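Hi there,

Here is the structure I promised to pass on.

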Amino acid sequence: MQDQKYVLAMDCGTQSIRGLVFDRNGTLLESEKVVFDPPYFSINPDWAEREAYLYWEDFCAVTQKLIKKNSRLMSEISAVTLTTQRDTCILVDKKGVELRPAILWMDQRKIREPRKLNFIYENGTKVIGMKKTINNFSRGCHAHWLQDHEKDHWEKSYKFILISTYLIHRLTGNFADSVSAQTGHMPLNY
């Protein structure tokens, strides 16, 4: 019989994180789930935050549950895939340590005035009828809010990353992410 290698797929959502183990044919062999407790907290109306390290702790808890359930299978994992909620942002230092709680995708805080665009973008977005949309994105951009309201955190930061980048950094030591995780309305360095 040929050696089978397995894939661990991790899915970090808004309410929980799941670990699923598949064989080479895509057959689900094992799964575990950890429900976030709490999923988030809100110190102001319309805010949603969560301590970033809790995502890592829950990630580890899921893998430990899978190991306890089937250690032989988990010892033969040949690849790990990761998918996460989008637009949950974390401010980290050079070591990847979070400087403040993560701001979740559902957070509704906004800055008062949108950022000014250069002449070409200002007029181009007007011509194509997207100026209002761009202004809304700018006002709702969590990076802009942090720059305006938590300057000390922003100035101490090394990276402004997604939760997927945070987990990948915890796993590998590299600030990296999938191209599919990049969204066009975030301030990413492509």
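**Salt bridges**

Arg-18 is partly exposed, with a relative accessible area of 35%. Please keep in mind that the model is a predicted one. The partner of Arg-18 is Asp-11: the two form a salt bridge whose closest N and O atoms are 2.8 Å apart. Asp-11 is partly exposed as well, at a relative accessible area of 22%.

In total, the count comes to 13 salt bridges. Another of them joins the side chains of Arg-100 and Glu-150, at 2.5 Å from N to O. Arg-100 lies in the loop between strand E6 (89–92) and strand E7 (102–103), while Glu-150 lies in the loop between helix H5 (142–149) and helix H6 (151–156), so this pair ties together parts that are 50 residues apart in sequence. Arg-100 has a relative accessibility of 6% and counts as buried; Glu-150, at 13%, counts as buried too.

Asp-107 and Arg-109 also meet through their side chains in a salt bridge, at 2.7 Å from N to O. Both of these residues are buried.

Four strands make up an open sheet with mixed pairing, in the order E3-E2-E1-E5. The edges are taken by strand E3 (28–35) and strand E5 (77–84); each has a single partner strand, so one side of each is left without a neighbour in the sheet. On average, neighbouring strands of this sheet are turned by 15° against each other, direction ignored.

Strand E2 (residues 16–22) pairs with E3 in the antiparallel sense, over seven bridges. If you look at Val-21, its bridge partner in E3 is Glu-30.

Helix H1 (residues 52–69) lies across strand E1 (6–12), E2, E3 and E5, and runs at about 140° to E3. Helix H7 (residues 163–172) packs on the sheet as well, where it touches E1 and E5; the direction of H7 makes about 155° with that of E5.

**Nonpolar cores**

The largest nonpolar core has 25 residues, and those touching the most other members are Ile-17, Val-21, Tyr-55, Ile-90, Tyr-166 and Leu-167. At least two residues of this core come from each of E1, E2, H1, helix H2 (71–75), E6 and H7. H1 gives the largest share, with six residues.

Leaving aside residues up to four places away in sequence, Ile-17 touches Met-10, Asp-11, Cys-12, Glu-32, Lys-33, Val-34, Phe-36, Asp-58, Phe-59 and Val-62. Another core, of 12 residues, lies apart from the largest one, and its members include Cys-89, Leu-91, Ile-103 and Leu-146.

**Cysteines**

How many disulfides does the structure hold? The number is zero. For Cys-60, the closest cysteine sulfur is that of Cys-12, at 12 Å, which is too far for a bond. Cys-60 is partly exposed, with a relative accessible area of 27%. Cys-89 is in no disulfide either, and the nearest cysteine sulfur, in Cys-141, is 7.6 Å away. Is Cys-89 buried or exposed? With a relative accessibility of 4%, Cys-89 counts as buried.

Happy to talk any of this through.

Best wishes

Definitions and conventions:
Residues numbered from 1 in each chain as written. Predicted model: local features only at pLDDT ≥ 70, side-chain atom pairs only at ≥ 80, totals over all residues. Heavy atoms only, no water. Pairing = 2+ DSSP bridges. Axes fitted to C-alpha atoms, helices over the stretch in contact; angles between N-to-C directions. Contact = heavy atoms within 4.5 Å. Disulfide = S-S within 2.5 Å. Buried < 20%, exposed > 50% of the residue type's maximum accessible area, 1.4 Å probe, protein only. Salt bridge = Lys/Arg side-chain N within 4 Å of Asp/Glu carboxyl O. Core = buried A, V, L, I, M, F, W, Y, C linked by side-chain atoms within 4.5 Å.
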